[in-house]
Amino acid sequence: MPNYRIHKTEYIDETKRVSFKYDGKTYFGYEGDTLASALLANGIHLVGRSFKYHRPRGIVSCGAEEPNAICQIGSKKDLTEPNVRATELELYEGLEASSQNCWPNVKFDIGGINNFISPLIPAGFYYKTFMWPKSFWKKVYEPLIRLSAGLGKSPTEPDPDIYDHKYVHYDVLVIGGGVSGIIAAKMAAKNNFKTLLVDDKKILGGSTIYQNNESIKIDDKLSNEWLKNEIQEIKKLSNLTIKTRTSIAAYHGYNFLLAKENLTDHLPEEKKKNKIRQRLWKIRAKKVIIATGSIERPLVFNNNDRPGILLSNSINKYLDYYGVTCGENIILFTNNDSAYETSISLHKKGIKNIIVDLRKSASSELIKQAESLGIKIYFNHVVTNTFGYRKINSLEIMKLSEDGNTTVGNKIRLSCDCLGMSGGWTPMVHMHTQSGGKLDFRDEDQVFLPKENSEDQISVGSCNGDFDLENIIDKTVNKINKFLDIDNQDYRDTNIICSKENDKRNIWLLPNKIPLGKTKCFIDFQNDSTAKDIKLALKEGFRSIEHVKRYTTTGMATDQGKLSNMHALGIIADTAGVKMGTLGTTTFRPPFTPLTFGTLVGRNVGKFFEVVRKTSMHEWHVENNAEFENVGQWKRPWYYAKNGENMHDAVQRESKAARDSAGILDASTLGKIDIQGTDASEFLNRVYTNAWSKLAIGKCRYGLMLNEDGMVYDDGVTTRISENHYLMTTTTGGAANVLSKLEDYLQTEWPELDVYLTSVTDHYSTASICGPNSKKILKKLFPNLDLSDENFPHMSFKEDKLENINCRIMRISFTGELSYEINIESKYGNSLWKMCIEAGKEFNLTPYGTETMHLLRAEKGFIIVGQDTDGTMTPSDLQMDWIVSKKKYDFIGKRSLYRSDTIREDRKQLVGLLTDDPKEILEEGAQIVSDIKSKPIDMLGHITSSYFSPNLNKSIALAVVRSGKTMKGQKLIIPMENKNINVTVSDTIFLDKENKRLNA
Amino acid sequence: MFLINCPFCGERDQSEFSSGGEAHIVRPKQPTELSDDEWAEYLFMRKNIKGIQFERWNHVHGCRKWFNVVRDTSNDKILSVYKMGEKPPVNYK
């Protein structure tokens, strides 16, 4: 096996050998490697196939910008992860990784045929091709496209890993631990700012940490040595927290940032167990210093995507940091000075290399150093083509014309096994723009730079366009002193020697004799878009960068165009003949690099996914086979499956028992609001449609609450407990919103009212006993209470004790039966319930759930707000005009009840429906029509509630129907998929119209 | 995410608050005297400003108090916070 690890470095621990599997084959690397560096050390460049043309692709970079080396990690159904960048994944013992987007394997891939038919699949191919015949879309095109779409495979089982969230507050957050970030963090922390420094890498230092060129020195030390000292120093600072392996994902308003900390992704599997995998930091910082650095640009020329073609600086990092050379015969293709550092580093390690430089000439110290080492430099030359299928083996260069627009002279063919490209540097302005900051364009070196700030933040270092070390340190120090309003002198005498110059010859699309249509000049490696695609989009009339981006999919892959967006902009500007700065950029959206769902969700999975509210009787319900229904966050018994009954049978049994003898319902979830104050009566007058002033103490009243637009909002019974004390009940789902709404009116519209509201929903548990035998059960429970109709009539309230515990008993009914609701402090709820069950045994007291409750109330035509209403129903629409006071001057929603729209007679109104076949149960939500012959069919309304009533032995339904009030006795049709059901409009009350049962 | 300075509790995360729309829309004292159009003006018509906006917020997961906020919708900066019933600051128009 070839070994490209050619020297020792302090970042690779050669005593710790690590074995890993890539595409099923076992390889070795060392602790400190990334997957990418270990693969390169084994001579592997080919790591995947491109998305569209299935061209062989190799590792391009050494960081977050990597477009090609994305892989599938692991093979377990619950732990596998797609689209992991091999350049960021730290190697660990037992790592299993595989290449993506190729079949049967990366070396021989069937999809590679797309490369040869590529003239047939230009930009917008999908939009243009799959238009016709129309019938092909569903059966042929869509399945085919789906088959070829997507990168990698998602896990198919729940994620077993643990994730965590953490909230922190800092005075200063520094993003990026390169040279400027370290300086900034030191200055802040030393001046009493509580500071957090985050960096996505394993160790601090950015690109300077492996910078060892003799011609770049700080205080007479090599720049990496100087920086190591600085790092040692900041580690001693007590009010500085340093978080490595932590990357900022999003920068939101008010300096609120999200960071992902990797805790176990670099550990072998047995050490990952039971540990938190990733932690999402939610950071609030008073001030933010952005020092995110810059990334190197590729160059755009024909066949610039072959394996073995990397960014020049990445070759340097693999060499000086990981000790790995990317080839043995390397060519560096550049338009600026930075490739010369790579060249000199390679030369020092004995790696043969030559330089192709777009510039006509250059004469910085760095170039002189390269020349003196005898490195061959082709100035004013351009790479026009590359060769080699699975890896580059040679390339052609030509001389550039005077204006740089074309090539002249003869082709020179050079052999090589690796090509490094350097198109200059792109400042990482993502964080600045995510925070709302604007950008400026600098024409000299064609970069976008941070401009206005909308947050309290600043950019320093190369993300601010300062590329040479001297500039970086000087400007960072000055800017931080100003930004933090401090006068730090630590770096006043720092002496920096930097021989690099910023001179650059920028050509976005490099000239070529071959017509563009026959070239493959890649811009976006991951989404396979080329210079040709961009030009085609412009030719077809696209102008906005946002449109070109979407049409060609440039910059829309998982790397979000970190390497491609600038080139796309440049080529658009050049082609359209406009200045690049005037084009603007596409939007930089969070996250900076992909996040796992696990990180975002944190601990809120499984039973912690949402808050669950249980009544104090919950355990009893569980023990008695209750099936539960979610009502808001509450778990309510839906029905009790006795002896393995299904829902229908259980509901029929429960409903019958409740009317024949006695039933009991857990009504604890109903919203309860305690209302006190001298103006409580007046307040109720204003919020309910009916009158409250005359409600006697100890009496209950049903109320309907509207929105200001006149639509029914909530309902419930309110009890007057004493002169200035009421207890309001609301619907279970509406409790919180009703309280908010009432508070809103009290605080903002009627602050003069002396009223206090307190939610007591959780403080009381409620058992509701109904049925003809309910009075007998109550008698057993409260032997001293006079239950006679004279003393305790319907709609009244008594207090009594149950074994010394206070109970509030309301005689109110939602079933139409004689009915009592017993309220007790919640901690006694379960005991109350059990005592009721015990007392009711001889009367077949049957526990019933929400489904039976719904059925019983429907038999009586009582509405459920939210089921029979939907925010468009007025009291009159519900045939409840009786509850709207004519006398009251005002209440919430009153004025809206006679708006032109609310007095329309053809509004949808609540009616009852009876099926011609009494056994036929209608479907809730089904449409209602009168004439099925005329097309389109006129829809009159829909069914809101539907049940089979065991007490009436027939099907009953409530519905809202246009002009329904006037349609009693009329025949209507419910058209279903297989049949039409005939119904007759009826009254909404199906049972006991005279309310005899209330006093049975 | 905003950091809102509740006039009763101090600076808190936006997630503790709920927004209540445009401020200083007074419920008419005599709704019955209003025409449909006048009532509709109160009920439905709201401004959608790019720039300085007066709005209501409720510290719903805190002290449950309503208060007013002056916010520049173009950059989400909260310029002023004041209690219900207090006059809006005059320097923002």
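Leaving aside neighbours within four places in sequence, A:Lys699 is in contact with A:Arg720, A:Met795, A:Ser796 and A:Phe797; two residues are in contact if their C-beta atoms, placed from the backbone, lie within 7 Å. This is a predicted model, in which local features need pLDDT of at least 70 and side-chain atom pairs count only at pLDDT 80 or more, while totals for chains, interfaces and linings use all residues. Residues are numbered from 1 along each chain as its sequence is written, and chains are lettered from A and ligands numbered from 1 in the order in which they are written.

**Around A:Lys699**

- A:Lys699 sits in the loop between helix H20 (680–687) and strand S36 (700–706) of chain A; helices (H or I, at least four residues) and strands (E, at least two) are DSSP runs, numbered from the N terminus.
- A:Lys699 counts as partly exposed because 15 other C-beta atoms lie within 10 Å. A buried residue has 20 or more other C-beta atoms within 10 Å of its own, an exposed one has 12 or fewer, and a partly exposed one falls in between, with C-beta atoms placed from the backbone.
- Although A:Lys699 and A:Arg811 are 112 residues apart along the chain, 9.3 Å separates their C-alpha atoms.

**Chain A as a whole**

- Chain A has 24 helices and 50 strands.
- The C-alpha trace of chain A spans about 115 × 70 × 55 Å along its principal axes.
- Of the 1000 residues in chain A, 48% are buried.
- Taking contacts in chain A between residues at least 6 apart in sequence, 66% join residues at least 24 apart.

**Two domains of chain A**

- Chain A is divided into domain 1 (616–864 + 875–896) and domain 2 (905–999), with bounds that come from an automatic or database domain assignment.
- Their C-alpha centres, those of domain 1 and domain 2 of chain A, are 28 Å apart.
- Where the two meet, 19 residues of domain 1 of chain A are in contact with 22 residues of domain 2 of chain A. On the domain 1 side, helix H19 (647–660) and helix H24 (850–859) of chain A each supply at least two residues.
- That side of domain 1 divides into 4 nonpolar, 8 polar and 7 charged residues. Here Ala, Val, Leu, Ile, Met, Phe, Trp, Tyr, Cys and Pro count as nonpolar, Asp, Glu, Lys and Arg as charged, and the others, Gly among them, as polar.

**Where chain B touches chain A**

- Chain B brings 20 residues into contact with 22 residues of chain A.
- Helix H1 (residues 36–44) of chain B gives the largest share of chain B's side, 3 residues.
- By class, this side of chain B has 10 nonpolar, 5 polar and 5 charged residues.
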